[in-house]
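User: I am new to this structure and would like to go through it step by step. Please let me ask about one part at a time.

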2 protein chains.
Amino acid sequence: MARPRYQRRKEDRPQEITAAAFGAFAENGFTATKVEDVARRAGVSKGLLYVYFKTKEELFKAVIRSVVTPRLDELTRTLDTAELGAEAFIRGPVLDFMKRVPGSPVSVVIRLMISEAPKHPDLVDYYWQNVASRGLGALRQLLRRGVENGEFRESAVTDLPQLIVAPVMMSIVWGIVFADRSLDTDRLIETHVDMILAYIKA
Amino acid sequence: MARPRYQRRKEDRPQEITAAAFGAFAENGFTATKVEDVARRAGVSKGLLYVYFKTKEELFKAVIRSVVTPRLDELTRTLDTAELGAEAFIRGPVLDFMKRVPGSPVSVVIRLMISEAPKHPDLVDYYWQNVASRGLGALRQLLRRGVENGEFRESAVTDLPQLIVAPVMMSIVWGIVFADRSLDTDRLIETHVDMILAYIKA
DNA sequence: AAGCTTGCTGACCCATGGGTCATTAAATAT
DNA sequence: ATATTTAATGACCCATGGGTCAGCAAGCTT
């Protein structure tokens, strides 16, 4: 009995709150999520949440960053590591990564970005600089390398890495809108990559 | 002087309100749009709006329908009319249609669907039955026809018409999130279609 | 064990915006 | 002209939810 009503754990709170917020946002989106729900999920009072995050928007940004940052590290690590040919690299790590996205937190972030982008231009900047432009840049570079060493022929694809990523986008959106009506996203993405490679191979 | 403060135009009001709502939703999304703004845009009082639409949600549904219905007619008309070979049909009317989508009202509807789908399952049903499944069904049928008459070979694409539509999705999402950072959507879609045809041609 | 700092609570404030309804006035009928 | 109908208004109601803050108590310090 007489267990203390709470413990003071200054260090862990932000983490925990961010995680709780991610869960809530994933389920209900940003606008529909109440700050109090996030607090409850985190086992914390609303007041404390506002100690660590100035506004609901700040919390939102923190959530996005918390998901994006580790993925970013993963990305750059993969890019540096492997020294495969361009095609092998695409069929390997890139395809793998793409197949994992639709079921991952990244998918949630993209959904949030789609819904909230117009109201958060600074977040869009952040996402662009740290994720989108880097990822697409890496892909473009990879394609160029393939062209230079004779694996690939010149084509519009080299300048349009969005083309490679398109079926991932499709899968994510499908998941958001038609959650129940299933779609074989793995097959979709695999076929697409196969198709692209057939198209650009020298 | 003494011009009447308003005219009674029972017939036109719903139309006008729906149009105003579309504009407002396109700019601010559903949740962020205030009913009063819609009313103001339509040159009408909030009270009158509630005469014609029971709730904000009803209004939302009416807007979706108002955009979807004419497109649907357009689609079925195109499908019945043309008697081209499968490839010519894809390179012609289908490609044309796809290129027009990213800048059209359909794009707005898709954005709204992405944001609001989880809260409006009945709308998703409506959209699925009247747009998505029909459109994809038509594409699938077209691909089958191509296989049967020897234009195309068998492949996973035949069962995955989502693959054809993917770059349109990509373009729309890009437009939503990275509005300013331009993307040559026409080139994206053209290249993609070219790629698909090369892949599935017999 | 008394005092002090500060992590934490929860009751409160209030702007916002969806929805209502008594009232007004345009159009129509008598 | 007068009465009747109903399209249309706009002031109002109130639930919701973001944000605040005075006070409480956990856990040091001395």
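User: Before the details, how are residues, chains and ligands numbered or lettered, and what pLDDT do local features need?
Analyst: Residues are numbered from 1 along each chain as its sequence is written, while chains are lettered from A and ligands numbered from 1 in the order in which they are written. This is a predicted model, in which totals for chains, interfaces and linings use all residues, side-chain atom pairs count only at pLDDT 80 or more, and local features need pLDDT of at least 70.

User: Which rotation superposes chain A on chain B?
Analyst: The copies are superposed by least squares on the C-alpha atoms of residues with pLDDT of at least 70 in both. Chain A falls on chain B with an RMSD of 0.0 Å and 0.0 Å of shift along the axis, by a rotation of 180 degrees. That is the relation of a two-fold axis.

User: Which helix gives the most to the side of chain A that touches chain B?
Analyst: Counting two residues as in contact if their C-beta atoms, placed from the backbone, lie within 7 Å, 31 residues of chain A are in contact with 31 residues of chain B. Helices here are DSSP runs (H or I, at least four residues), numbered from the N terminus, and α6 (105–116), α7 (121–148), α8 (162–177) and α9 (185–200) of chain A each supply at least two residues of this side. With 10 residues, the one that gives the most is α8(A).

User: How many nonpolar residues does that side of chain A have?
Analyst: In this classification Ala, Val, Leu, Ile, Met, Phe, Trp, Tyr, Cys and Pro count as nonpolar, Asp, Glu, Lys and Arg as charged, and the others, Gly among them, as polar. On the side of chain A that touches chain B there are five polar and two charged residues, and the number of nonpolar ones is 24.

User: Within chain B, how are α5(B) and α9(B) oriented, roughly parallel or roughly antiparallel?
Analyst: Axes are lines fitted to C-alpha atoms, for helices over the stretch in contact, and angles run from 0 to 180 degrees between N-to-C directions. Helix α5 (residues 86–100) of chain B and helix α9 (residues 185–200) of chain B have axes 11 Å apart and pack at an angle of about 155 degrees. Because angles under 35 degrees count as roughly parallel, over 145 as roughly antiparallel, 65 to 115 as roughly perpendicular and the rest as oblique, α5(B) and α9(B) are roughly antiparallel.

User: Which residues of α6(A) make the contact with α4(A)?
Analyst: The axes of helix α4 (residues 56–81) of chain A and α6(A) come within 10 Å and cross at roughly 135 degrees, and the two helices are therefore oblique to each other. From α4(A) the contact takes A:I64, A:V67, A:V68 and A:R71, and from α6(A) it takes A:P105, A:V106, A:V109 and A:L112.
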